[in-house]
Amino acid sequence: MNDFFRMWPAQASAHAVRVDQLFIAFSALIVALAAPVFILMAVFAIRYRRGVDADRSRAPVRGVWIETGWAIIPFLLTLAFFVYSSWLYFQTGRPPPGALTIDVVAKQWMWKFEHPGGQREIDELHVPSGEAVKLVMTSQDVIHSLFLPALRLKQDVLPGRYTTLWFNADKPGTYALRCTQFCGFDHAVMGGRFIVMRPADYAHWLQQAGTDGSLAQQGFELFRRLGCSGCHGPDSTHRAPKLEGLYGRPVPLDGGRVTVADDQYLRDSILYPARDVAAGYAPIMPTFAGQVSESDLIRLVAYLKSIGDQAEEARR
Amino acid sequence: MTDRPVLQTPEERESYLNAGHSLRSWFLTTDHKRIAILYLVSITFFFFVAASAAALIRLDLLTPQGDLLTNEGYNRAFTLHGVMMVWFFLIPSIPSTFGNFLIPLMIGARDVAFPRLNLVSWYIYIVGGLFTLTALVLGGVDTGWTFYTPYSTMFANGAVLWVVAGITIVGFSSILTGLNFIVTIHKLRAPGMTWGRLPIFCWSHYATSLILVLATPVLAITLILLAAERLFRLGIFDPSIGGDPLLFQHLFWFYSHPAVYIMILPAMGVVTELVTAGARRRIFGYWFVACASIAIAAIGFLVWGHHMFVSGQSMYAGAIFSFLSLAVAVPSAVKVYNWTATLYKGELALDPPLLFAMAFIGLFTFGGLSGLMLALLAIDVHVHDTYFVVAHFHYIMVGGAVSGFLGAVHFWWPKMTGRMYSLTWGRISAGLIFFGFNLTFFPQYLLGYLGMPRRYHVYPPEFQPLNVLSSAGASILAVAYLLPLVYLVYSLRNGRPAGPNPWGASGLEWKTASPPPTHNFDETPVVGGPAYDYPQPAAAGHG
Amino acid sequence: MADYVTLREPYAAPAQQREADFMGMYVFLGTEAMLFGGLFALVFGYRSLHPQAVALAARHMQLWIATANTGILLTSSLLVALAVHVARKGARRATGGFLLAALSLGLAFLVLKAIEYGIDYRDGLMPLVGPASPLRHTSAALFIDLYFVATGLHALHLTIGLAVLAWTAAVVLGRRKRLPDQAVVVEMSGLYWHFVDVVWVFAFPIFYLARN
């Protein structure tokens, strides 16, 4: 982002390098497939110009073999690229377990990033280099899209849903961060800086950034303040599903279906508890829609994730 | 070229043009040729309206700060540009003008199957067009031509409802035109005109008509749901009660992807006519080319998800759509290679029609290949919603469809008007358009890969040089598009009278007078040979 | 026997014109099928996303009125088919009679539909107007909204169909179209009415029978 007239975007990860290689290699194939057309058109325009003497005998009007050939062979060649490209794409959709999770809330017209320790940023994202980072994103209003050109990645950010984007940035530097799904008035200025730091610098930045406690801790505060422990706590008189160890587990639902207790399920249970009631429980949980913001939901889910892990460890 | 007989001017002979001069005879006509002229004038009007919006956009993008338009104004400008270009220029352009004018002539019929319905189609188009334009200009819509929810249903201010209503109205014009063409081609072919002897122009329009009738109704229901959601505050696309904005995208693109084939297939049909006439050769691989048109239409219905690779759609769906999107390129490639092979050993006349056809082949090939690039998942994740996509579809729609349209104008102008225009100016036009076009849109591929998103009113300063190049190209294009208006209109009074077949082309339309009489043929033609029945070039051996 | 067949431009033979008319009508009905098909596809999408809410919503619909309406519409289609049959034989009055009978059944459908909408309004199922049922704030509302869009669109098509039947009856009884030479008018109207019926035959189970 530093040169005035840049011809190629910065590469901030191994994935970016691979995408660029794919792009260049495929461009070469494209040129190879198209060049004959351009060259021949020019050649024919000169050689077979009306009035110019040339051998026009036996001008072909059909050729099943050659037709089949130039239909199938280019297709098979592109298929090779299809396979590699799909493999790369599937990689970007499978974050490794234990990745550093940063929560993202998009709204008209700004980006809010929240690190697990509770550090918050607006329109700027600091990440450590050399480790897997997973962004869990949602929107407060319309569809946005987080674009990090230096990583060659983007992901639409939807209201009412969590979408994820993971990466491993290996080159420290300052890069662009942009919204790339038209979202209204200030769409063009919804963005800022994406800053990759060496892990030591990142740790230092985290300390300096100040926090009100980690996301999980803040979530616990909310859990108590909203009265969730009234039903879900150990001393409750109401029958409510146990939340320790719940995160990531399959949940049998009323009606015979089974779902997984992921971020989306937890969020939906808080906002729309009547939608997917756990099997064997009465649908008596009140909704908290209107009482909790997206940020609150992030904290509650972070808390539930943390007690999911603790129960896991306790079991060992 | 020695003494030629002095041809009567079109005014001196009875033809569809002078069979009645009253307004009533034009506005209540059921003659497919007059309806084609009505369309020609109207779509030209809408083209220049939409192009003016583009001019504003490119002017504004000369500087990173966007000092010409406000935020709101810019967003409304690109929406107006997209809506008007897609529905009021590109989709009707070739079918409603040249399809209407030529299909009956090419198959040896006296008119289309439902002439009064044809006129009704034009009125629906005009009403829809003026309604939408008024709403866009007076009310303003900033959602983009794609109307993604929940922005368009719950957040956008402006005349969304009115614009959506206008587009729904004009959809019926498309549907009825497609219906007319399908029945015409099935039922009104002259004796001897079998399916295997149809000009490829007719095959392409047949394939286009299949898409018109099957896909456009899905657009209608999509827009009805959008309007209902906005008007009655339903929740179908509202996530807070479980609605799914992604379902809107699926429904929208299920129509809008086939729609782009509506925009390109007719141009491909035109190009086959221009190449065969310009080279005076039969098309190479007639059946491959004919079936490729149908294949494009069919496979085109299966690829809509490639607009949604980063939308939150499942990765597996993404892989399937990626594969099918690569597959849909195959029939297009077949056409491109076949056109090139048709030029081989032909007798090429470098007149405007062939030049426009060659411009089409070059630009469409380049644009289509960038489409293959976009079909590759990992690359699309990077360039989706950037100027790379903008460049891709402009290469196809402007470099392709508009070149096809202009090529058609330059080829059939003498047939429609009875006058020939200046070939020199036509060649200049073709060249200027080719050059201006590449200067405008090639830099946009670079901008996209560098990371400039689309629909950006302001941009980071490092993108300015490429934007300036693009805007410079646009100014050349503006001149290049205005040029034909000048010399073509000039030819109406001062052009040399063209005979029935000034290009020496094959096809039933060239066997009747220029301009044709109202009933097209004095006697119903009987067809005895294949399409593009050019004599083999004088040389030893057989073809 | 084609004394009164008016051959329109650009047709050369009555058979050609007739085939073109039929083909045109079938293509048109195909476009209408795509219109409703798109809507029904969306409904199936929601049925798989929110099965519980959909079942709940369906239980609030007026199954008996809809069942009666299904019977009414099917019977009206039968009457229209009979009208076509006798039109081809040249029976002017019988044709008119059957058409008017079908028309009255169609009107009955609309009357029952209006009553049904009245009940829906009273139950608070309608968006924007009337008392708001708690259902309107849950995903059940999605299904109810789609029900209103679908049945509303269908009612619009049915109303157009009624106008078509009325016009056909008028021109047949008023001798402006001669039977059996110009029976194609009755045949075309009949096709359109059958289509309106077919849409209902799909809409009925998709909405009203989704209650388990």
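The pLDDT is the predictor's confidence in each residue, on a scale from 0 to 100. The structure described here is a predicted model, and for the complex as a whole the predictor gives an ipTM of 0.91 together with a pTM of 0.92. In chain C the pLDDT averages 92, and 98% of the residues score at least 70. Within this chain, confidence is highest in helix H3 (residues 63-89) of chain C, where the mean is 96, and lowest in helix H2 (residues 51-59) of chain C, where the mean is 88.

Chain C is built from six helices and has zero strands, so that, by the definition of these elements as DSSP runs numbered from the N terminus, its order from that end reads α-α-α-α-α-α. The C-alpha trace of chain C spans about 65 × 30 × 25 Å along its principal axes. Of the 212 residues in chain C, 40% are buried. Among the contacts in chain C that link residues at least 6 apart in sequence, 76% join residues at least 24 apart.

One loop residue of chain C may be described in more detail. C:Asp123 is found in the loop that lies between helix H4 (92-122) and helix H5 (140-173) of chain C. This residue, C:Asp123, counts as partly exposed because it has 16 C-beta neighbours inside 10 Å, whereas 20 or more would be required for a buried residue and 12 or fewer for an exposed one. When its neighbours within four places in sequence are left aside, C:Asp123 is in contact with C:His60 and C:Ser133.

Turning to chain A, the domain assignment gives domain 1 (14-92), domain 2 (100-209) and domain 3 (215-315). The C-alpha centres of domain 1 and domain 2 of chain A lie 39 Å apart, and five residues of domain 1 are in contact with six residues of domain 2. On the side of domain 1 of chain A that touches domain 2, the largest share, four residues, comes from helix H1 (residues 14-47) of chain A. By class, that side of domain 1 has three nonpolar and two polar residues, with no charged residues.

Chain A also holds an open sheet, in which five strands follow one another in the order E3-E2-E1-E5-E8 with mixed pairing. Strand E3 (120-122) and strand E8 (163-168) of chain A stand at the edges of this sheet, and because each has a single partner strand, one side of each is left without a neighbour in the sheet. From one strand to the next, the twist averages 25 degrees. Further in the description of this sheet, strand E1 (residues 100-107) and strand E5 (residues 132-139) of chain A run parallel and are joined by seven bridges; A:Thr101 stands opposite A:Lys134 in E5(A).

Strand E9 (residues 173-179) of chain A is mostly covered, with five of its seven residues buried. E9(A) pairs in the antiparallel sense with strand E6 (residues 144-148) of chain A over two bridges, and A:Phe147 has A:Arg178 in E9(A) as its bridge partner. E9(A) is likewise joined to strand E10 (residues 191-197) of chain A, in this case by six bridges, and these strands run antiparallel; here A:Leu177 stands opposite A:Gly192 in E10(A).

In helix H4 (residues 215-225) of chain A, the buried residues are A:Leu215, A:Ala216, A:Gln218, A:Gly219 and A:Phe220. Just after H4(A), A:Gly227 takes a positive phi of about 85 degrees.

Between chains, 73 residues of chain B are in contact with 75 residues of chain A. Several helices of chain B give two or more residues to the side that touches chain A, among them helix H3 (71-107), helix H5 (151-155), helix H10 (315-327) and helix H15 (423-450) of chain B. The largest share of this side of chain B, eight residues, comes from H12(B). By class, the side of chain B that touches chain A has 43 nonpolar, 22 polar and eight charged residues.

Conventions. Residues numbered from 1 in each chain as written. Chains lettered and ligands numbered in written order. Predicted model: local features only at pLDDT ≥ 70, side-chain atom pairs only at ≥ 80, totals over all residues. Pairing = 2+ DSSP bridges. Axes fitted to C-alpha atoms, helices over the stretch in contact; angles between N-to-C directions. Domains from an automatic or database assignment. Contact = placed C-beta atoms within 7 Å. Nonpolar A, V, L, I, M, F, W, Y, C, P; charged D, E, K, R; others polar.
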